[in-house]
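Biologist: Please put the structure up, and then we can go through it by question and answer.

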Amino acid sequence: MPMPDTILEDVFNAINLGLIIVDAQYNVLFWNDWIFKHTHIKQVEAKGHKLGGVFSEPLPPTFLNALKNTLEYGLPTIISNALHRSPLPLYDFSSQTNEKVRINQSITMSPLLPQRGGRHCIIQVTDSTTSIKREKMLLSHSEILRRDAVTDSLTGIFNRRFFDEHYKIAFHNAIRQRQCLSILMVDIDYFKNYNDYYGHLSGDNTLRAVAQALKSQLFRASDVIARYGGEEFVLILPDLSAGQAEKVAEKLKNSVFNLAIPHKNSPLFNQVTISIGLSVGMPKVEYDILGRADAALYLAKQQGRNRCVALPLLDEEQK
Amino acid sequence: MTNDIAKKLLIVDDSKVSRMLVRAQIVAVHPEWTILDACSGEESIALVEKGPPDYCIMDINMPGILGTDAAEKILEKYPSIRMVILSANIQETYQSRANALGAAFVAKPVSEKSIALALNHFQCPK
Amino acid sequence: MNLLSEMQRDALAEVFNIGAGRAALSISEIVGDEVKLSVPSIEVKKSVEIGVETLPLNNERFGTVHQNFTGPFEATAMLLFSEEKALEIVRDMMGSQMSLEELVEFEQEAMCELGNIILNACLSAMADILGISLNSTLPCYTIASCTELLHTITSSMDQDYVLVLNIVFTSVKRESEGQLILLLSSASLTNLIRHIDHFLGGI
């Protein structure tokens, strides 16, 4: 049984979103309560009039062009809040100050094709002032990736600040999605000796070369490498099994070994090598997975360097 | 409007399809006109030297010099040629450049409507 | 292998030049400055042949905006921006007064709109010139690595052919240049070609 029109109209008026429907001649056919609330223009006053003439202010060309395109070609069009703060003269009349405040908007226009009367357009307006929320920040956190502020100026990979943010997000994602998370702590072996022998400029070059070698081993968009501090790097690799993560660690170790950077001041090898501590598993809120990776790195150093040691997130006896 | 003298039109566009479309639209209205083709600004200048046309329809974006630059050179020497710039570049700067040259600007796509605009410009006295 | 005749390619180039011109106008109105969009190359490829070397952007990661459309033929139009270029374009469009935090918030939306402008302009030009009418979904913005992207393209087995368009985006005043790629993948690309032939036959 089809829903009666009166219920539909109630629904349109109840939703927390502006709705305007115009016909092929740009005449307003419908205008919900949300629009009234933000214009103080009643639907009866707007109905049957050209949308451009309903407001006391002229509408911007971008809005009118978008509407024209939607009606003419039937292609949906968006007008983002990012590029146009407030295309329609909509106000927040509830604000405490006497001045009415124009609200930030995001607009979506979609074509409707009713049985007769040509193409119509439904215009949806959301108040962006309130919609920009933490959730959105989390969604777009991957875009932080490009910013100078999160890049380590020496090596060009991410810096500690980015890592700290990303780690929190990746950690909670893994818990929520019940996926494995791998953290790899990487340290260049005998780097202090290297600097003492070759000087700091060569030390910087080596840091850069190691960072690039490590980075070149990562292929997934979700994998992140950052400079943790000094000669230490850290990697976050989501959704890999322990076996897969160990393979990646092995590749990382080899990639640096294959650089064959001479290191005459190394007590063990004649070239630059790295040690890796890996912690991998399904995280829980209370786990200190970074601490585990650090402990694993310590073991790798103890066991002779130029190697990777993996630890599960918890010792067997603690489980 | 008299159609008693067969006029000569030069179409300049690097797209063969576009030249064919313009030609087809013109022939439909003025089957008696002589129509010449050029596919670059340079070629159009050379063709005009051999015998200036009455009218010219010029694209802007082509390999080599811009259509507007070619139009400027042609109009300097042959100011009586009626020139229409027909382009997909519809930003204000291109339109005003065309107008500054004394040419009319018509937006692509090539259609009955856009060619009618060009013909209007050809037939209005300078 | 090339699946388009010279005339078909020429006709498509004209379609997308007009689309690019329309998009450039809309974008220039937003940035208040002249921009140029040009389409230097058009190719049809088998989707299995699409590899890293096909995408002439040497980037590991892309911002992508895609819209699915239906009508005389069904297809997915996907616009690829190299990552840094995407941010540059958005910064241009939003003005440089943006704080870092604001950029994070707005980038996704702005890229979506930019993609929507370019895709709609191309589709409307196609509609005008070929005399067809297309329906489309709303644009959707995602970030993907090259590998993920290739996987998406090659794994959709129902989309055998991909139309690859290079679009060069130039901001005249800022002298910055960016490259975009428009991928039009469709099982019914033959339908598009049929429409082009029909159009060519009508001249």
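Predicted model: local features only at pLDDT ≥ 70, side-chain atom pairs only at ≥ 80, totals over all residues.

Biologist: How many helices and strands does chain C have?
Modeller: Read along the sequence, chain C runs α-β-β-β-α-α-β-β-α-β-β-α. Sorting that pattern by type gives the totals for chain C: five helices and seven strands.

Biologist: What share of the residues of chain C counts as buried?
Modeller: A residue counts as buried when its relative accessible area is under 20%. Chain C has 203 residues, and the share of them that counts as buried is 61%.

Biologist: What share of the residues of chain A is buried?
Modeller: Chain A contains 12 helices and 12 strands. Of its 319 residues, the buried share is 48%.

Biologist: How much area do chain C and chain B bury between them?
Modeller: The size of an interface is often given as the accessible area lost when the parts come together. Here 19 residues of chain C are in contact with 14 residues of chain B. Carbon and sulfur atoms account for 66% of the area that chain C and chain B bury, and the total is about 1500 Å².

Biologist: Which residues of chain C and chain B meet in a salt bridge?
Modeller: Side chains of opposite charge can pair when their charged atoms come close. The rule finds one salt bridge across the interface of chain C and chain B. With a distance of 2.5 Å from N to O, the side chains that meet are those of C:Glu14 and B:Lys108.

Biologist: Which element gives the most residues to the side of chain C that touches chain B?
Modeller: The elements of chain C that give two or more residues to that side are α1 (6-31), β1 (35-46) and α5 (189-201). With 11 residues, the one that gives the most is α1(C).

Biologist: Which residue has its backbone oxygen 2.7 Å from a polar atom of the C:Arg9 side chain?
Modeller: C:Arg9 is found in helix α1 of chain C, and its relative accessible area of 26% makes it partly exposed. The backbone oxygen at 2.7 Å belongs to C:Ile42.

Biologist: Why can A:Lys68 and A:Glu72 be described as about one helical turn apart?
Modeller: A:Lys68 forms a salt bridge with A:Glu72, with the closest N and O atoms 3.7 Å apart. A:Lys68 is partly exposed at 41% relative accessible area, and A:Glu72 is partly exposed at 43%. Because the two residues are four residues apart in helix α5 (residues 61-73) of chain A, their separation is about one helical turn.

Biologist: How many residues apart are C:Arg22 and C:Asp128?
Modeller: C:Arg22 forms a salt bridge with C:Asp128, the closest N and O atoms lying 2.8 Å from each other. The pair links distant parts of the chain, with C:Arg22 in helix α1 and C:Asp128 in helix α3 (residues 100-130) of chain C, and the residues are 106 residues apart.

Technical notes. Residues numbered from 1 in each chain as written. Chains lettered and ligands numbered in written order. Heavy atoms only, no water. Buried < 20%, exposed > 50% of the residue type's maximum accessible area, 1.4 Å probe, protein only. Contact = heavy atoms within 4.5 Å. Buried area = accessible area lost by both parts, 1.4 Å probe. Salt bridge = Lys/Arg side-chain N within 4 Å of Asp/Glu carboxyl O. Polar contact = N/O pair within 3.5 Å; in protein donor to acceptor, adjacent residues only side chain to side chain.
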